[in-house]
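Student: I would like to learn how to read a structural model feature by feature. Could we go through one together?

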Amino acid sequence: MYEHDVLVVGAGGAGLRAAIAAHEEGADVALVTKLHPVRSHTGAAEGGINAALREGDSWQDHAYDTMKGSDYLGDAPAIETLCQDSPQETIQLENWGMPFSREEDGRMSQRPFGGLSFPRTTYAGAETGHHLLHTLYQQVVKRGIEVYDEWYVSRLAVTEDPDPEKRQCHGVVGYDVQTGEVAGFRARDGVILATGGPGQVYDHTTNAVSNTGDGPAMAYRAGVPMEDMEFIQFHPTTLPSTGVLISEGVRGEGGILYNEKGERFMFEHGYASNSGELASRDVVARAELTEVNEGRGINDEYVHLDMRHLGEERIIDRLENILHLAGDFEGVDGLVEPMPVKPGQHYAMGGIETDENGETLVSGLYAVGECACASVHGANRLGGNALPELIVFGARAGRHAAGTDLGEAIIETGRTEDTEIGEVDTPVAPGAIHADDEAVADGGSDVDDSESRRDATRSDGGDPRSEGASVIPEPDEVVDRAVQAENRRVDHLMEKEDGVQQAELREKLQKTMTQNVNVFRTEEGLKQALRDIREVREQYQDVYVDDPSRTFNTDLQQTIEMRNLIDTAEAITLGALARDEFRGAHWRQEYQERRDEKWLKHTLLSWNDGTPELWFKPVILEGEDKTYEPKIRSY
Amino acid sequence: MSTQTSQETEEAEVESGQAEPHSPHQDRRMQERASKEERRQRLNDERTRESEETVEIKVFRYDPEVEAKQEPRFDTFHVPFEKGMTVLDAVMYARDHHDSSLTFRHSCRQAICGSDAFFINGRQRLGCQTQIAELDTPVRIEPLPHQEVVKDLVVDMDSFYEQMEAVEPYFQTEEKPDGELEEQRQSRENREKIKMGTRCIWCASCMSSCNIAAGDDSYLGPAAISMAYRFAMDEREGDEMKDHRLRLIEQEHGVWRCQTQFSCTNVCPKDIPLTEHIQELKREAVKKNLKFW
Ligand SMILES: Cc1cc2nc3c(=O)[nH]c(=O)nc-3n(C[C@H](O)[C@H](O)[C@H](O)COP(=O)(O)OP(=O)(O)OC[C@H]3O[C@@H](n4cnc5c(N)ncnc54)[C@H](O)[C@@H]3O)c2cc1C
Ligand code: SF4
Ligand code: FES
């Protein structure tokens, strides 16, 4: 068993920042990550980091823009924390050597971005994420922080208690991708999940292949609620054939969107008469699809994004990377032709429920970055607000896990007096998950193993109400038992000789999500998606791994990931079905307006003994010294 | 147990034949011309290919643990061809539809994570950045030469990472601006100077293409030296640190090993002028020594 004070799962921007912060507080910290840190998807971020750094700007303005952008579904304490801490965290990156773009006077450049009232997006060319990721990793190397790379974390080691709020996380189970060894990692002080987005739930996505929602799904099965999962951001400018992102920086610098008739539709068709191309992402994504649906799209599929008029010099200076992307992945030369673009899945606004210190309701368990939902983005994330989220909340969670007192969090996690229990009108009962599911997917053959019935360990997904729950086990024991359960799961998957393969299921899941849980949503489509997801869940009982090798078995890894995709997809769809209104990125055909009287609240989904439970908690609109009043979002 | 991929392929010979030294400027011009040519060719090919259905790929296979795969071999897969298809798309298709044990690293699909550098038709390239339409078929896909093969297309990256870390790849300066919200100033020119050096995605293509690195395990290699360049030239670190960095790369297995063959510069998917960086560091090192004589 490996042992550390703080374990950080995932080494993208959020995980690296958390590890550095915990290390600075004196903790013995280790990163466990399925990819080598520099391979993390943060490296793909292009546009920039929002930070109120200059005269004429203020964190309050940043907070106001973010609240408005969120369509009033963000929690003010989280948003204000983001905007207050971002300037210092951004400067910190610069002080660590990050090569930001520069003004004549040598200061960092900033540019306009969608939904911002001030050009506060601080950037490094059109490859901000690459530089941020590498700069943070360099600091990890400098400090000698231990990194277990190509270790896949597949389960949390959490104590068993019928009440999730009384559970405690003592570590994780990882498996070494290179050798196939399953091992326990004990965390004396805390586990921080920083596993990134779940984009692979969709087939047209800007996200990496490794973004499979592992963190949220593991936390969910350990009893932590998933929050606001229905809010998926679709980015308006992705390349049609691959989903590769063309940064919002292009529109920020003055890029123009045209339809097939050469009309500048954002203005001419009245989608955003003031901001045009720089309206917020949900608005632009819907506008593009409406153009396509009404027959003004190009090849019935996409629209054009034109940056030629910006001139070669400016393009090379600020958007050079875009030229490479358009050339390599779409065969288009952005200097001489417009680029084809369409909306694609981009970001998950929802995730693991946390407070503004990154803490979840299970003690000792934290979540930060895209896998978490401290609720800074609400119903729609502003471009350039995710990178500050990584560094701000990464740093806070790292410090908190290492024992620093950050003060009482204002956001409450878990159920409170204000909690309201929800119901979803679904085509199948929410609990209709095959009984063998646990045995297969979670390895917990607890059903036929009488020894582990008395198991005081709650391996994610196990029955929290089995006997012996009152015995408080030693932390090591909790981790050991989780390792045993994981070994059983892996053995089961490896020993099964025939059945269905994960690739087939993945394709099916991605297809239905893209078809039915996309930018435009209908009740019938959502129900269809739910039926399909549950069919996939049924079929997953029969999944097997064909590759017999323990060495670098990506078949096995993807099969484990597949289970996480199923849980994540179901949560997204259930949330979308429950929310009968139109807010931010969530548009419903039957309900084309925002319904503040009913829906100024978060959707939460909890795993209760294999049955997803839906409930709600109110949005917090009271900030430090003002209350954000919901207003109509016009751009 | 592990094996080394055979460099004795026809393609490998072609590649070493190209390793004639010429200036980076010439190089770039040649590349530009070649890529225009390629594009024209590709458009032509696309038209012909529309009638064809599949593309043939030959993929290197090896697994130390599985009896049938202990002897390295090539497997042929036929993959339906679509416009815009990359080599990575093709191997993913082969894995998902033909053989789920086919193993390779990949993640971002957009040339930024650096994990899918393979030896494709005799040249180091990123699978995701390489259009099938631009290649001769059957497309031959092998692991990076000169690295130990773990399984199929997966190579052991440890020695590459060690070299990267040997040059102290992190910012070090004593002088930070006063005030929490003050950034260090950096001129545009200086940022421009280090820019290419900051683009490295750690794909190890350059290391794999380098004859010197192949013969000398301790040679820092082009990526690590270019990383050192990126820091040594960064005006924010100051002169003292620069001297320290020059000493690091001047050691026995440092810059002086480079024989200016340009193979690294030719394969770098991020167009980093590696050889230029190495040459400039050599010059700086000489200048520094002169100062002390
Ligand atoms: C193309 C693109 C462009 C973007 N541009 C911008 C931008 O300009 N500005 C902005 O603010 N935001 C941008 N975003 C959003 C932002 O980049 C992401 O939200 C953010 O980088 C996510 O960082 P992260 O640290 O949470 O996760 P990631 O960087 O995805 O890292 C996840 C880490 O978790 C590890 N991991 C995952 N699962 C496991 C497991 N089971 N076991 C072990 N390790 C695991 C992975 O190895 C990886 O290290 C962009 C996103 C994309 C996709
Ligand atoms: S310098 Fe170029 S080829 Fe070498 S590792 Fe970096 S990106 Fe790859
Ligand atoms: S998959 Fe990331 S570089 Fe190719």
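**Reading backbone, strands and ligand shells**

Tutor: Let us begin with a loop: Asp300(A) is found between helix H8 (281–293) and strand E13 (303–306) of chain A. Please keep in mind throughout that this is a predicted model.

Student: What is the phi of Asp300(A), and is the residue buried or exposed?

Tutor: The general idea comes first: most residues other than glycine have a negative phi, and most peptide bonds are trans. In this structure, phi of Asp300(A) is near 55°, a positive value in a residue other than glycine. Asp300(A) counts as exposed because its relative accessibility is 61%, and the cut-off for that word is over 50%.

Student: Which loop of chain B holds Thr260(B), and what is the phi there?

Tutor: Thr260(B) lies in the loop between helix H9 (239–250) and helix H10 (263–267) of chain B, and although Thr260(B) is not a glycine, its phi is positive, at about 55°. With a relative accessibility of 23%, Thr260(B) counts as partly exposed.

Student: Where is a cis peptide bond found?

Tutor: A cis peptide bond joins Thr137(B) and Pro138(B), with an omega of about -5°. Pro138(B) has its place in the loop between E5 and E6 of chain B.

Student: How do E4(B) and E5(B) pair, and how many residues stand between them?

Tutor: Strand E4 (residues 117–120) of chain B and strand E5 (residues 123–126) of chain B pair in the antiparallel sense over four bridges, and in E5(B) the bridge partner of Phe119(B) is Gln124(B). The two strands form a hairpin with two residues between them, and in the turn Asn121(B) has a positive phi of about 45°.

Student: Which strands pair with E6(B), and in which sense?

Tutor: E4(B) pairs with E6(B) in the antiparallel sense over two bridges, with Ile120(B) standing opposite Ile141(B) in E6(B). Strand E2 (residues 54–61) of chain B runs parallel to strand E6 (residues 139–142) of chain B, and three bridges join them; here the bridge partner of Val59(B) is Ile141(B). Ile141(B) is therefore a residue to look at from both strands, as the bridge partner of Val59(B) and as the residue opposite Ile120(B), given that strands count as paired if there are at least two bridges between them.

Student: Which strands pair with E1(A)?

Tutor: Seven bridges join E1(A) to strand E9 (residues 182–193) of chain A, and the two run parallel; the bridge partner of Leu7(A) in E9(A) is Val191(A). E1(A) also pairs in the parallel sense with strand E2 (residues 29–33) of chain A over four bridges, where Val6(A) stands opposite Val29(A). Together with helix H1 (residues 13–24) of chain A, E1(A) and E2(A) make a right-handed β-α-β unit.

Student: How many residues surround ligand 1, and which atoms lie at polar distances from it?

Tutor: There are 39 residues around ligand 1, and the closest are Ser40(A), Thr42(A), Gly47(A), Glu370(A) and Leu387(A). A backbone N or O atom of Gly13(A) lies 3.2 Å from an oxygen atom of the ligand, and a polar side-chain atom of Thr33(A) lies 2.9 Å from an oxygen atom of ligand 1. A polar backbone atom of Val153(A) is 2.9 Å from a nitrogen atom of ligand 1. On its own ligand 1 has 1,000 Å² of accessible area, of which the protein covers 98%.

Student: Which classes of residue make up the shell around ligand 2?

Tutor: That shell has 12 nonpolar residues, one polar residue and no charged residues. Among the 13 residues that surround ligand 2, the closest are Cys200(B), Cys203(B), Ala204(B), Cys206(B) and Cys268(B).

Key. Residues numbered from 1 in each chain as written. Chains lettered and ligands numbered in written order. Predicted model: local features only at pLDDT ≥ 70, side-chain atom pairs only at ≥ 80, totals over all residues. Heavy atoms only, no water. Right-handed = clockwise from strand over helix to strand, strands pointing away. Near = heavy atom within 4 Å. Polar contact = N/O pair within 3.5 Å; in protein donor to acceptor, adjacent residues only side chain to side chain. Areas by Shrake-Rupley, 256 points an atom, 1.4 Å probe, with all protein chains shown as cover. Nonpolar A, V, L, I, M, F, W, Y, C, P; charged D, E, K, R; others polar. Buried < 20%, exposed > 50% of the residue type's maximum accessible area, 1.4 Å probe, protein only.
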